[in-house]
Amino acid sequence: MQLVCVARGNQERGRQFAQNLANKLAFDCLSREDLAELAISEGIAVGKLETAVVKKRELSEREVLEKEHYLAFATRVLCERALEGDVVYHGRAGHLVVTGLPHVLRIRTKIDPEIQIDDVMRRLSLERAKAKEYVERVDEDISRWLRTMYGIGRDPVNGYDLIVNLDRVGIEGATTALCGYVQLPTFQATPATTKALENLILAARVRIALARDERTWTAQFTVRANAGNVTVSYLPRDAAVGVRAPDVVSALDGVSTVTSAIAASNILWIQERFEAAGPTFEAVVKAATHWQAAIELMKLTPEPTTPSSQEESTAEVAAGDGPVPLYTARKVDGGIEDDVEPPATTAGDDADLHEVFGELNARGIAGSASRMAADVTRVGTAIDRSIPYSLVVVGDVFLDRGHATRLRKTRELAGRLGDLIRAPVVNAEDLGHMVDTGWSYYAKTAALAAVVVAIFLLVFTHQKAVLEFLLPSTILQKVAAAAAVLVFVPLFAVIYGTLTKMILRLIHVE
Amino acid sequence: MPELILKDFIVLDLATALQVVLLGFIGGVLSGFIGSGGAFFMTPGMMNLGVPGVIAVGSNITHKFGKALMGSRKHGELGNVDKKLGIYLLATSFIGIRIAVWINTKLFGVADAHGTGKGAAADLYISLVFVCILSVVAISMLRDVLKTSDDDGPSRKITEFLARMRLSPIIEFPVADVKVSLWVLSAVGLATGYLAGTIGVGGFIGVPAMIYVFGVPTAVATGTELFLAMFMGAFGAANYVLEGFVDIRLTMLLYLGSLVGIYIGVYGTKVVKEAVIRLVTSVIILLCVLSRAIAMPVYLRQLGFVHFDEVWDVRLNAVSKGMLFLAGVSGVLVIIFNVVKAFRRQAAIRRHLAQTAGVMD
């Protein structure tokens, strides 16, 4: 039931490390190559995906569907193995194959590039220069593979519980040390992790069935499963195909109910303290109503200021740092929600969240609500990238910090989310502007345009007088000219700059 | 020589005015896209239209003042401005600007033995500084693009080296979270001010210096540089106004194009890959440098240092102008192509959303 994922890139020693670890722990060992072979034997065109990555080209629509098929297959195989027994999986970025399981131990192996080149020289009988080129090329391919398959860059640190430096500690030393580490309670299977594994397997099986059925293979789907209740969501452009999904999956083993929804979009609203009557609430609701989107709330709780001894250690233990789900509406992906499950927790600190969620639910636009620590990296990692967010609103966060630090950390969070999610990430103030394009907006734009035109007419119909004023001869005239320029220029820049911004916003260039 | 309306101010017909607006637009797109600069295109561009170099610099630095004010305000809202660092740099940069204005003014009055070629010495000097500094910037940037991988941050070698030297007094800057020697601060401030006053391009030195020498985070370096540029722009503008070298008409026309361009350029940075941004930037700067280098023999001839037929002035200026526009326009076309592509993609998403809304109604 335990699952250890090793991201070893293309390192031969990383592979040996994973196999050695599996042997010592008496775990089953599964490699990315085994997984790919199984997928090929099931008719999945893994080769085409690899070729697209190596040739540095975008995936075609057909290949995108093949990618989804492969990812679902990989999840199913790995989770089934993990359900049957303990597994060590090793691949290019092993920790990304299954996400959302809190007990997975995620390890990255690291090795000095020179040693890696020596290994390749020995293994492939290459000269040093060629071996170096080979290592660099394969590394680039792996980075592109990650971007193509999982939509993220190759982060050297984040996302792992442990980074093992193999050229310092060696394979034997590392595996011996890790045998004890694996026994920590954090990485043990629990009834909850078993349930999560079963849900993932069911969701993957449903996705594979949709990919293999001639009625539905042409559409992109996002599937979630919870104790036999399956939610299948699809993009608006696939609406004609998407409606057939229940017919395809309802007969599958383990499926008790199927909810099918158009994944119009979701708005993710991140904040530290929610208010049901504030301007941000109104702006978010307005946007959600306008776009027919559901609102997911994520409450951030302040980070502990003093790091614990565990955090101070070189090993980064991140299991259990993901969002704590509090309320979940039945249809999450873009559906307009009616029913709400009882809250998973009733902590008094979440009263604001409870109130806002209730308000959203009353308006039929509630998605889900969760809570997690206000840590830029963890929040970024915890976001489910499979959800088609149309907008992410970062409200007031890091409230326990000083003003400048708060602004900076908020920007860092928005920047990180912007890198990870293909959706606009805005703050509450920007959102207010985005949806505010009523008559007052047009009137303000027209007034500013009139002012700008008037200034231009005034200057260009009196060019000589203006230039004479700017050619002062006495000290007094010089000071007057300088003062006039220093007042006029910023004023004009602000007026014209605001006008430009407002016009571009009207035509959606922002 | 273009027709003059008053002293050294040129007559602005519709064609010239539109060309200045276009210069502003291209400079704005490049400025929004690159994050700093734009002047490297606008200053020589105006010189190619017949505006004397010193008036081109004076009008452009005045334009930069307002632009930096808006940028600094926005960065301030985002917590990217270390005002303490900005104020320390300001003090020394003012001296740098004053030196630059003094040199430019002195050189502007220099003529050859026959009293002709007034302004050519200043033009030559500005062009020379322009070519030297921006060649180094563009080549370093190109090297950086070719060498750096996605995971690498800015190098901290210089920062760590200076930190080890511990040149007292050391000052702490809490927003940028760095400690810097007053001596290093002064040297960087002086260089930034001098370049801003000479060619109107202080950011190309200030931002990299803050990142690589002080170890300041990139966003804070940009925000602080804009804060600095606002005061330097104001100080530079006041100085050039006192000398009678600011053509406010040019400043206004530049704004007309640049503020639209900036928004489009910034939009471009969201849809174009980082490496491509830096590659496009360095190639554009190199072409601008080449354009200025081609115009330099004209100033040398006007000063009597070299001798060739006057007709070559027109030809060399035409080639210089053509190359500058080629650099700017091709760079802007690449950016606009990507912006339009992204815009169409977003429009398609909006249409899907609207259709979905219809289905759900």
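1. Helices in this note are DSSP runs of H or I with at least four residues, numbered from the N terminus. By this rule T75(A) lies in helix α4 of chain A, which covers residues 61-84. The model is a predicted one.

2. Not counting residues up to four places away in sequence, T75(A) touches V97(A), V98(A), L200(A) and A204(A). As for L35(A), it is 40 residues from T75(A) in sequence, with a C-alpha to C-alpha distance of 9.9 Å.

3. Turning to the helix pair, α1 (residues 12-25) and α7 (residues 166-181) of chain A pack with their axes 8 Å apart, at an angle of about 20°. Angles under 35 degrees count as roughly parallel, and α1(A) and α7(A) are therefore roughly parallel to each other. The crossing of α1(A) past α7(A) is right-handed.

4. On the α1(A) side, the residues making this contact include F17(A), L21(A) and L25(A), while those of α7(A) include I171(A), A174(A) and L178(A). Sorted by class, the contact of α1(A) with α7(A) comprises eight nonpolar, four polar and two charged residues.

5. For chain A as a whole, there are 19 helices and 14 strands. Of its 510 residues, 39% are buried. Among contacts in chain A with a separation of 6 or more, 74% join residues 24 or more positions apart.

Key:
Residues are numbered from 1 along each chain as its sequence is written. Chains are lettered from A and ligands numbered from 1 in the order in which they are written. This is a predicted model: local features need pLDDT of at least 70, side-chain atom pairs count only at pLDDT 80 or more; totals for chains, interfaces and linings use all residues. Axes are lines fitted to C-alpha atoms, for helices over the stretch in contact, and angles run from 0 to 180 degrees between N-to-C directions. Helices (H or I, at least four residues) and strands (E, at least two) are DSSP runs, numbered from the N terminus. Angles under 35 degrees count as roughly parallel, over 145 as roughly antiparallel, 65 to 115 as roughly perpendicular and the rest as oblique. A crossing is left-handed if the near helix is turned anticlockwise from the far one by less than a right angle, and right-handed if clockwise. Two residues are in contact if their C-beta atoms, placed from the backbone, lie within 7 Å. Ala, Val, Leu, Ile, Met, Phe, Trp, Tyr, Cys and Pro count as nonpolar, Asp, Glu, Lys and Arg as charged, and the others, Gly among them, as polar. A residue is buried if 20 or more other C-beta atoms lie within 10 Å of its own, exposed if 12 or fewer, and partly exposed in between; C-beta atoms are placed from the backbone.
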